[in-house]
Amino acid sequence: MSTPVSDDNSSEQLLNYAPQKLGEQPRIPPASHSRGASPTSASHAQAQGEWGGSSGLRSFGGGVRNEVRGPHEPEATAQPRRRRYTMLELISGIATISACTTVLIMVVPNIMKTYWQGSGVQRVRGSDVPHLSRQSDQRVTNKAPAGGVSGITVTSGARQPGSPTQPELAAYARQFDNPVQGVTENEIRFGISAPFTGAAKELGQNMKLGIDAAFNVANTSGGVHDRQLRLVAVDDGYEPTRTAETMKQLYEQDRVFGIVGNVGTPTAVVALPYALEHRMLFYGAFTGASLLRRDPPDRYVFNYRASYAEETDAVVRYLVKVRHLKPEQIAVFAQQDSYGDAGFSGVAKAIRSLQGADESTILRLNYKRNTVDVDDAVAQLKKSRVPIKAVIMVPTYRAAARFIEKTRDLYPSMIYTSVSFVGSTALANELMLLGQRYATGVIVTQVVPAVDGYSSLVLDYKSALAKYFPGEPLDYVSLEGYLAGNILVEALKRNGPLLDTERLVDSLENLRNFDMGLGTPVTFGRTEHQALHKVWGTELDAGGHYRPIDLE
């Protein structure tokens, strides 16, 4: 039988079983040391409270209590050690956690923003269609690749039908790196170079008025894909020598996306090459010259109106077939520049198409641009050996009014006609100032319906004019600007929010059978860049109002 552990050596013997390293479990004494323990020794160990009393075991945070147990006592379990923290340590920990949280709040959004912008795709407000992030007013050329796909949605995982391909996403990223001039997140900026001073100022003023009315209607409804439309205007005075500078100003200083509604043929001779060189959209110019109607058409040039050739063809046929004049009895009063040349060529072509007609006999009466000096033209008319019974005019309104004023008394039965560029309303006003007899019977071919009509389209125009430009009179030129502007708005809507010149050209070329209420649908195509070919006939009455006439 083993010798019991005595009171005298209990502490020393138990120290042999104390943990030697931090975290080590104490070793259990053999049964021989516990079974024969006397009540005295057991009570002594209990009285010590912890092994070794004041020995080194207290350095372990209290050790294990009651490790020496009786034969019927359960095995003791080691208790986890507890770390006591001072108030300073707690405050320091809380401060550290707060600082880390603040850093995360500041850094994480910037990291996510950089990643999001780097992807080149951003959602449009109120739309599920992604579009590229723009950086406004950075100078780049509109030379994005053609054939871009618009109106797509981004999905994750396997590519779904209609989702973007990798090349498309790469194209979007490239566009972000090279933002489109004149296009920001909130605006699309167009430009117009036209006369706002000088003899033809009413043409520029009214063309801009009509486009602005169309843009304002769209802007009031939220814009086009959340972008407002703006038109920047510069004055070229209807002089080609000034047009080069105005075009440069619009492109380099005002940084417009495209050109809309430029006025005039001689100015287009300068403006068009500049636009083509920079691959800018050249849309809805107020001219019917063939310069803007090449076959096949220039990619970036789109026209709303019928050509001068179509207008003059319609009026020549009217004079010959309806009024029963001979071709040689028709003269042409024309501006002595490319505008007058275009009109005269149209008349010559129309007469040439008539069987047995000789265009070489056509009398041309000239005057200089931006003047009302028509004396030479009147002198030439007087010298004509063939009696002239009709004059087809290719002028501006003041020169036309002066020519009629100087010839009406000489030729009371003369038929005066003019192409639409004359500015119908301005011409009527000028003639009525001279007297009713000067206005009555003057015919003007139009590329828009009568402004005093009640078609849905004309009523919409009247409503827009009254709302945004109260007090402005109805006008054929502003109606043309309004119609051209509305077609452009429709093309922008169909294009989608991913906008550049190439995509918009593609959208215009795919605009088919758009019913505006003109009585004929608007259609563009890859080989058709003229929206309308219809010509309306109007005639001034004694009250200075235009009434419709049938040209056929």
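The legends below describe close-up views of a predicted model. Local features require pLDDT of at least 70 and side-chain atom pairs count only at pLDDT 80 or more, while totals for chains, interfaces and linings use all residues. Residues are numbered from 1 along each chain as its sequence is written, and side-chain values use heavy atoms, with hydrogens and water left out.

**View A. The largest nonpolar core.** This core (buried Ala, Val, Leu, Ile, Met, Phe, Trp, Tyr and Cys residues joined through side-chain atoms within 4.5 Å; buried means under 20% relative accessible area with a 1.4 Å probe, protein chains only) has 123 residues. F190, Y304, F403, L427 and I487 have the most contacts inside it. Its largest share, 11 residues, comes from helix α16, residues 476-495 (helices are DSSP runs of H or I, at least four residues, and strands runs of E, at least two, numbered from the N terminus). A second, separate core of 17 residues includes I259, L272, M280 and L292.

**View B. The surroundings of I487.** Not counting residues up to four places away in sequence, I487 touches Y283, Y304, L511, F514, M516, V522, F524 and A531 (contact means heavy atoms within 4.5 Å).

**View C. Helix α13 and its packing.** In α13, residues 424-434, the buried residues are S424, T425, A426, L427, A428 and L431. The buried residues of this helix pack against the helices α12 (397-407), α14 (436-439) and α16, and against the strands β12 (443-446), β13 (536-540) and β14 (546-549). G435, with a positive phi near 135°, follows α13.

Conventions: Buried < 20%, exposed > 50% of the residue type's maximum accessible area, 1.4 Å probe, protein only.
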